[in-house]
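Subject: Handover of a structure and the findings on it

Dear colleague,

Please find the structure below, together with its sequence. I would be grateful if you would read the notes that follow with it open beside you.

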Number of protein chains: 4
Amino acid sequence: MTDLYEYAPAPGALAYTFGGVAPVAHLRPGQAVRIATEDCFGGRVRTVDDLPSRVCRFPYLNPVSGPFHVAGAVPGDTLALHVVSITPTRDHGMSSTFPHFGALTGTHATATLQPALEERVWRYEIDAAAGTVRYAARRSAVTVDLPLAPMLGTVGVAPAAGEARMTIVPDTHGGNLDTPRIRPGATVYLPVFVEGALFAIGDGHARQGDGEACGVAVEAAMSTVLLVDLIKGVPTPTPRIESDAELMSAGSARPLEDAYRMSQRDLVGWVGALTGLETLDAYQLLSQAGTAPVGNVVDANYTMLAAVDKRFVPGGPAYDGAHARLRAAAEAYR
Amino acid sequence: MTDLYEYAPAPGALAYTFGGVAPVAHLRPGQAVRIATEDCFGGRVRTVDDLPSRVCRFPYLNPVSGPFHVAGAVPGDTLALHVVSITPTRDHGMSSTFPHFGALTGTHATATLQPALEERVWRYEIDAAAGTVRYAARRSAVTVDLPLAPMLGTVGVAPAAGEARMTIVPDTHGGNLDTPRIRPGATVYLPVFVEGALFAIGDGHARQGDGEACGVAVEAAMSTVLLVDLIKGVPTPTPRIESDAELMSAGSARPLEDAYRMSQRDLVGWVGALTGLETLDAYQLLSQAGTAPVGNVVDANYTMLAAVDKRFVPGGPAYDGAHARLRAAAEAYR
Amino acid sequence: MTDLYEYAPAPGALAYTFGGVAPVAHLRPGQAVRIATEDCFGGRVRTVDDLPSRVCRFPYLNPVSGPFHVAGAVPGDTLALHVVSITPTRDHGMSSTFPHFGALTGTHATATLQPALEERVWRYEIDAAAGTVRYAARRSAVTVDLPLAPMLGTVGVAPAAGEARMTIVPDTHGGNLDTPRIRPGATVYLPVFVEGALFAIGDGHARQGDGEACGVAVEAAMSTVLLVDLIKGVPTPTPRIESDAELMSAGSARPLEDAYRMSQRDLVGWVGALTGLETLDAYQLLSQAGTAPVGNVVDANYTMLAAVDKRFVPGGPAYDGAHARLRAAAEAYR
Amino acid sequence: MTDLYEYAPAPGALAYTFGGVAPVAHLRPGQAVRIATEDCFGGRVRTVDDLPSRVCRFPYLNPVSGPFHVAGAVPGDTLALHVVSITPTRDHGMSSTFPHFGALTGTHATATLQPALEERVWRYEIDAAAGTVRYAARRSAVTVDLPLAPMLGTVGVAPAAGEARMTIVPDTHGGNLDTPRIRPGATVYLPVFVEGALFAIGDGHARQGDGEACGVAVEAAMSTVLLVDLIKGVPTPTPRIESDAELMSAGSARPLEDAYRMSQRDLVGWVGALTGLETLDAYQLLSQAGTAPVGNVVDANYTMLAAVDKRFVPGGPAYDGAHARLRAAAEAYR
C-alpha cells in the first residue's frame, strides 16, 4: 500500500456543516486517504442507558471528518470518491429512537400534538469475523444476527451559492444520503461547487434497513479508505454512485415522490447520454429495467436512488471508465 | 392436476371496478383456478401505431377478470391467493407513454400548464424459451434483452363501506398495487370486506421496473393459476405478500412517504405479533433488517412495500403456515 | 314561496356513499328544494360524554340526504346548486377530536406508532338571534363567542366510471370538500357524470376554521334550501363555486400542493375562457390577484380553492350568468 | 421623526444568504431604520424584453439588504421587527414566469421531462396616488387595475447551527416566506439564533396573490421603515406575525400539509400559553376560529400561516404587549 494519507480528527476538530468550514487537509487527485470517523452520536452513546437527548449536545450531531481540499477541483468538475473499505473501529454499534425523529412518528415538520415515542437505545455487538451485527431486543430476550454491511451515511462537498448546510441534510451536494449503496466497491460522483470541492465523510453504519425507518441505523465509528479522483470539466448534477454492477442517481427532496422523480430524471439523462437513446426511449427503458433503492425517509430531505444494471445499458462506460480505473487502483490498498 | 376451475371472460365481461360488480363465478376455499386476463389496454394496443388515447375508450382501462365469490368469506376473514403461475398468452407485450400520466410528467393531480409528453408506444417481443423480453428503441436501432419476469399488477377484493373503486386505484382492498413481488410463488393476503370477498385480477406485466416510472409496464395478456384459500376469523388490515423468503406489507397512499409509513407500520405490527417483540423493539429490528421495495409512483395512490427476510423474524410462521401449505399444494398444478 | 319540494330523510334512509345509491326523489331544473340533513355523527353525539367512537357505528359516518335525480341531466352537463339558506335545526352543534383523524395527529395514512390523542367532545350553544356559536373549553371555564356561519361540508354528485365513494372523500365529483365558501348566496357548479346527476348534501357546519384542523367542525343538523339548475352541454371539470364577489375552483388531492395546483390550474383555464386571456397571461393575472382559501387538510383528499374577485376578471359572466339568475330567483324563497 | 438610521446598500453590497455574511450596520433595540431594497431580480429586469434567465446572474437572485446586528441579541431571545411603512421606489414593478419554477410547472424537485413554460415578463405600472398596480396582458390588450399592497417577501435572521441558507429558502429563521401579511402595521417576531440576530430584508412586492402561483410577484424596489426591538429571554420557535387584528404563526416545509401542520401547531401552543387553555382545548378553538393564509407554494419550502382574530383569544397580549407598544412608537415615523 503506497501513498496513503492518514487522517484522524483531533478532539474538537469534527465538522457539523458542509460549507463554512476550513479544510483539514489538502489532497490531490489520485491520492488514497484513510479517514477515521465518529458515529452520529459523536461517540457519546455507549450503553443502552445513554439517551442521546441527554448525552449529546444539540445541534452537534452527525459529525463529519473533513473537509478535504482536492487540488485542482473547480466548479463544473466532478469529484469521484472510490470506497476501498469501511471498517468498524469498535466492537459494537449503537441505535436508538429519538424524540420526534423517524418515519413512524410525528416530527418537527409533520407536527402533531401527540407525545413523543419513548427514547430507547439498542446496542449491537459487531462480530467482524462472523460478518454479523447482533440485534438484542430491550423488552425481551430475543436476539437476531444480521449481516454486517458497512456503509457511509454521509458523504458530501461544500454546497453551491455560499450555503452551509447541517450535515444531517441531504441535497445535491450529497450530505446525509443514508443509502446502503455507499459501501466498499462503490464510486461516488459528486458535483464540485467550490474551489477544492471540500468533501467530508461521516455517519458510518454497520448496517441499515431501507429508509432508516426509526431514524437511526446501527451507528458505528469507522475507518474508511477512499481513492480520490477528479473528472475535469464534466459536471454532475446530483450525487451518483457506480458499482461493478449498477449505475445509480440520488435524489433528495420532500415529498418522497420528488426524490423518486429527481433520481429517475437524472438517470434518464445519464443513460441517454451514455447510450445515445432519445429521452423518451431512455425513460421507457428505465421504466422497465430500473430499480429504486430507498435511502432515507427520515431526514430533512428524503433520499431515493434510481438504479440500473449496467448490462441493460448499451454504450460507453460512465465518466470514461473512471470506476473501473479506480476499482483496479484500489487493489493496492486492500 | 385436479379440480382446476377454468375462467376466461366472454367478450364484454371484463370489470373496471372493484365493488359494484356481480360475481362471474363461485369458488370454494382450497380450489385452484386458471384465469385469463387481458392487458391494461384491453388488447387494443397491438402495434406501435396504436396510440392508447385513440384506440382505448375511457374510462375502460385496466380491465380485470372477475370478481370471484369465495364461499364462506365474510368481513373479518383473510383471503389468501397463492400465485402458482403467470404465463403470457401472446408473443409480445406493449408499453407506452400516456398523456399526463407517469412519474416524470405533470398529471391530473400534479397539475401543470406544460404540454403533455409525446404519446409513444413500444412493442416488446417475448421469448418465453429464452426467458426474455426485448426492448426496442423507437428513435434508434438500440435493443436490450431484459429478463422475462411475469407479475400481476392488479389483485384485489371488493372494498369496504359500499365503495366501488376504479381498478386503477390501489388501496387497502388491493387493486392496482403494481408491485413486481406479486409473482409466481407468492401468496397474497387480502382483507375480506364483503360476503364472498369478490376478488378479481388483471393487468399482467411481462416485467416492470420499480415505480413503473413512465406509468406503463410491459403489458401482457396472461394465463394465471391461483390457489384460493380462506383464513377464517383473522383480519388483515392491508394487502400482505409472503414468499418463501420474505414477509411483505403493502401501503398505498399519497404522498409517497405515507405509503412508506403505512407499509412499515403494518409490518412492525405483523412482525411484533409473530415474534412477541414489543412494538419499539420490532420497529428497531425492521429499521435495520427491512427493505422497502417500490411498487408504483404513478397511480391514484402510490404503493410501497415493507419487506423483511424471514430468517430475521424469529417466531411462528405467518397465518399459521398458510404459505407453506399452499406452496406444497401448488406442486399439483405446475 | 312557490314550488318548494320538501325532503326529510326517513330513519334509515341516509346515504353513506356518492354513487351506488338509488335516488330518493326526482327534481327538475329550476326547482327549489328544502333538504333536512343530519350532522356528521348522524345525531348520535349529543353531550360531551358521547364519544363518537362509542356511539357511532363505523363506517356509517357523515351521512348525506339524497341522492336527488335531476331530470335531463346527462354526462357532460353542469349541475348548478344555488344555496338559498342553511339553517341549524337544533340549538347546538357538536365537535370532537377523533382517534387518528385530524391534521395534528398521526392518521391511517400518516401512520405512526404514537398513541392517539384523547378523544374529547365539545358542545357549542347556537344563538341564532345573536348570530353566534359559543365555544366552551373542557379543561377550564373559558368560553368564546364565535360568529355563526352556516355552511355545507358535503355536496356532490355520483362519480364517474361506475365508482361509489364514501361521503367523507372529496374529489372531482364534490363530496366532503369542507369549505366554508359553500354558504348561503353561493352557487356550486358540479360535473354531471351519470344520468340524473344524483346529487346529495350533508355535513352542515355551524362554522369551521380553515383546514378543519382537528378534523371536526361545529357539526350541526341543518335545513337547507337549494335552487337546482342545469347547464346543458357545458362540462365542468372540478367543483366550482360562484358568489356575488368571487369565482372559485376546488381541487382535492394529496399532498396539499396538488390540491393547490389543481384548483389554480382550473381557475387559470376558467378565467382564460371568460376573458380571452392567453394561458400564461391568465396565470400571471391570478398569480397576483388570486387567493387560495383552504378547505380541509384532514380528509382522504385535502381540498383547496383558487379564488378571484370578479372585479379583476374582465369578460363575460360565468356560465352565461347562471349565478345572477339564480340569485334573483332565490329571493322568492327567503 | 427622530433617530432614524438610514441604510442603502452600496453597489455590490447586497447579500444572497442568511448566515455567513458580516453585518452591514449595528442597531440597538428601540431604533428605527429605513432600508432600501432591490427587487428579486437585482433591478436587472426593467422591460418585458429583459428575460431573467438572460439578464440575471445565477445564483445571485433575491438579494437582501443587511444583515443588521442588533445589540444585545443572543440565542433564545426574540427579535421584533415592526413594519412602519413599505414604499415602492420606482414607478413600476416587474413579474415573470421563470423556467422550471412556480406551482404550475415541473421544477428542479418535481422533476419532469416536459419542456419549460415560456419565459415571459410582465411590467406593472404603479400608481401610488391611486393605490393601484396595472396588470397588462402580453398576448392581448387586456389591462386590470389591482390594489397596490406593498409587502416584504423576505425577512429573516442568521440561521442556527452554523448554517447559511440562500435567501430564496424560507424556514424557521424566516427567509423567503412570501406572505402578504408582512405589510405595514405588522410586527414580525423572529427567533435569535446567533449573537446580534443578523437580520436582513428584501424581495418587496407591490402585491402578490396567495401562493405566488407563477413563482414571481409584482417585484419592486422598496424603501422600508422598521422599528427594531428585542424581547429578552423569550424564545420564538418559528416566525410569527402580529397585526392589530390577528396573531399568526408561519410554517415552512414540504409537502404543503407540513407547512400547515407546523403553523397550526405553533399557534395552538402560542394561544394555549396566552389563554391558559389546555392543549386540546386550544386545538379545538383554533379548528373553528382559525384561518390559514397561504404564503408561497413555489419556494424551496412552502409557507403557510395559521392565523386567528385576537377577539377570539381571551388572555394577555402576546409578548407582553410588544405589538401595541411598537404600533404606538411607529406614529413618530409616519
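The notes below set out the conventions and then the findings.

This is a predicted model, in which local features need pLDDT of at least 70, side-chain atom pairs count only at pLDDT 80 or more, and totals for chains, interfaces and linings use all residues. Residues are numbered from 1 along each chain as its sequence is written, chains are lettered from A and ligands numbered from 1 in the order in which they are written, and side-chain values use heavy atoms, with hydrogens and water left out.

Relations between the chains

Chain D is superposed on chain C by a rotation of 180 degrees, with 0.0 Å of shift along the axis and an RMSD of 0.0 Å (least squares on the C-alpha atoms of residues with pLDDT of at least 70 in both copies). This is the relation of a two-fold axis. In chain D, the C-alpha nearest that axis belongs to D:L256, at 2.6 Å. Both copies use the same surface, since 100% of the contact residues of chain D recur in chain C (contact means heavy atoms within 4.5 Å).

Chains A and B may be described in a similar way. A rotation of 180 degrees with 0.0 Å of shift along its axis superposes chain A on chain B, with an RMSD of 0.0 Å. The residue of chain A that comes closest to the rotation axis is A:L256, its C-alpha lying at 2.6 Å. Of the interface residues of chain A, 100% are also interface residues in chain B, so the copies meet through the same surface.

Helix 2 of chain C covers residues 256–275 (helices are DSSP runs of H or I of at least four residues, strands are runs of E of at least two, and both are numbered from the N terminus).

C:P255 lies in the loop between strand 18 (246–253) and helix 2 of chain C.

In chain B, helix 2 (residues 256–275) also has 20 residues and reaches 28 Å from its first C-alpha to its last, close to the 28 Å expected. There, 17 of the 20 residues are buried, so helix 2 of chain B is largely enclosed by the rest of the structure. B:G276, just after it, takes a positive phi of about 80 degrees.

A buried residue in chain C

C:M151 is placed in strand 11 (residues 151–156) of chain C. C:M151 counts as buried because its relative accessibility is 0%. Leaving aside residues up to four places away in sequence, its contacts include C:I86, C:D178, C:H205 and C:M222.

Backbone features in loops

Most residues other than glycine have a negative phi, and most peptide bonds are trans. A:A197 has a positive phi, near 70 degrees, and lies in the loop between strand 15 (187–191) and strand 16 (199–205) of chain A. At 0% relative accessibility, A:A197 counts as buried. D:D320 has a positive phi of about 55 degrees, and its place is in the loop between strand 19 (302–309) and helix 4 (322–330) of chain D. D:D320 is exposed, with a relative accessible area of 70%. A cis peptide bond, with omega of about -5 degrees, joins D:F58 and D:P59; D:P59 lies in the loop between helix 1 (52–55) and strand 5 of chain D.

The largest cavity

The residues lining the largest cavity include D:F18, D:V64 and D:L198. Strand 5 of chain D gives the most to this lining, with 3 residues.

Yours sincerely

Notes. Expected span 1.5 Å × (residues − 1). 1 Å grid on protein atoms, 1.4 Å probe; cavity = no way out; pocket = protein on both sides within 12 Å on 5 of 7 lines; lining within 4 Å. Buried < 20%, exposed > 50% of the residue type's maximum accessible area, 1.4 Å probe, protein only.
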